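Could you walk me through reading a protein model, one feature at a time? I am new to this one and would like a friendly tour.

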Amino acid sequence: MNEPNIRPSTDTYKQVRANPLRCITGSIISGGLSFAIYSLMIVIATDFANKPIHSQNPIVWKISSAVRTLIVGVVGLGTGIFALVALGLLALGIQLWFQQLTKTKNS
């Protein structure tokens, strides 16, 4: 009853080294997600533009305008983040590729 829970250690993680193929694959996936989220943002923005707010209350106007702006802004932020990740992974892949080329020439 007072015995401690004894579990075998599961800290046997293997660290995987980055290589150009992994970086380019990740860049393509991130770029595809960025394009998909961008397309979603355009659909949301045009949908908001085509459906005006039907109220005479100025508070409703301000709150709904803020919520619409927030939604489009968050989706735009996601687009930008995935696009920057795609560019960063592409640059890392190119850098690793050049390092492999220079390493083989020097060896």
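Predicted model: local features only at pLDDT ≥ 70, side-chain atom pairs only at ≥ 80, totals over all residues.

Q: What share of the 107 residues is buried?
A: Buried residues are those under 20% relative accessible area. Here they make up 15% of the 107 residues. The accessible surface of the protein is about 9000 Å², and carbon and sulfur atoms account for 67% of that surface.

Q: Is serine 30 buried or exposed?
A: Compare its value with the cut-off. Serine 30 has 5% relative accessibility, so it counts as buried. This serine belongs to helix α1.

Q: Which residues is serine 30 in contact with, leaving aside neighbours within four places in sequence?
A: With those neighbours set aside, serine 30 touches Phe82, Val85 and Ala86.

Q: How does valine 85 look when I read its accessibility?
A: Partly exposed means lying between the buried limit of 20% and the exposed limit of 50%. Valine 85 is at 39% relative accessibility and therefore counts as partly exposed.

Q: What percentage of contacts with a separation of 6 or more comes from residues 24 or more positions apart?
A: This asks how far apart in sequence the contacting residues are. In this protein, the share is 77%.

Q: How many aromatic pairs does the structure hold?
A: The structure holds one aromatic pair. Tryptophan 97 and phenylalanine 98 form this pair, with 5.2 Å from centre to centre and 50° between the planes, and the arrangement is tilted. Tryptophan 97 has a relative accessible area of 44%, so it is partly exposed. Phenylalanine 98, at 45% relative accessibility, also counts as partly exposed.

Q: Which residues line the largest pocket?
A: For a pocket, look at its volume and then its lining. The largest pocket has a volume of about 170 Å³. Its lining consists of Arg17, Ala18, Asn19, Pro20, Leu96, Gln99, Gln100 and Lys103. Helix α2 gives the most to this lining, with four residues.

Q: How do the lining residues divide into nonpolar, polar and charged?
A: Sort the side chains by type. The lining of the largest pocket has three nonpolar, three polar and two charged residues.

Note on methods. Residues numbered from 1 in each chain as written. Heavy atoms only, no water. Buried < 20%, exposed > 50% of the residue type's maximum accessible area, 1.4 Å probe, protein only. Contact = heavy atoms within 4.5 Å. Areas by Shrake-Rupley, 256 points an atom, 1.4 Å probe, with all protein chains shown as cover. 1 Å grid on protein atoms, 1.4 Å probe; cavity = no way out; pocket = protein on both sides within 12 Å on 5 of 7 lines; lining within 4 Å. Points joined across faces, edges and corners; volume = space filled by probe spheres on them. Helix = DSSP H or I, 4+ residues; strand = E, 2+ residues; numbered from the N terminus. Nonpolar A, V, L, I, M, F, W, Y, C, P; charged D, E, K, R; others polar. Phe/Tyr/Trp six-rings, centres within 6.5 Å; stacked < 30°, edge-to-face > 60°.
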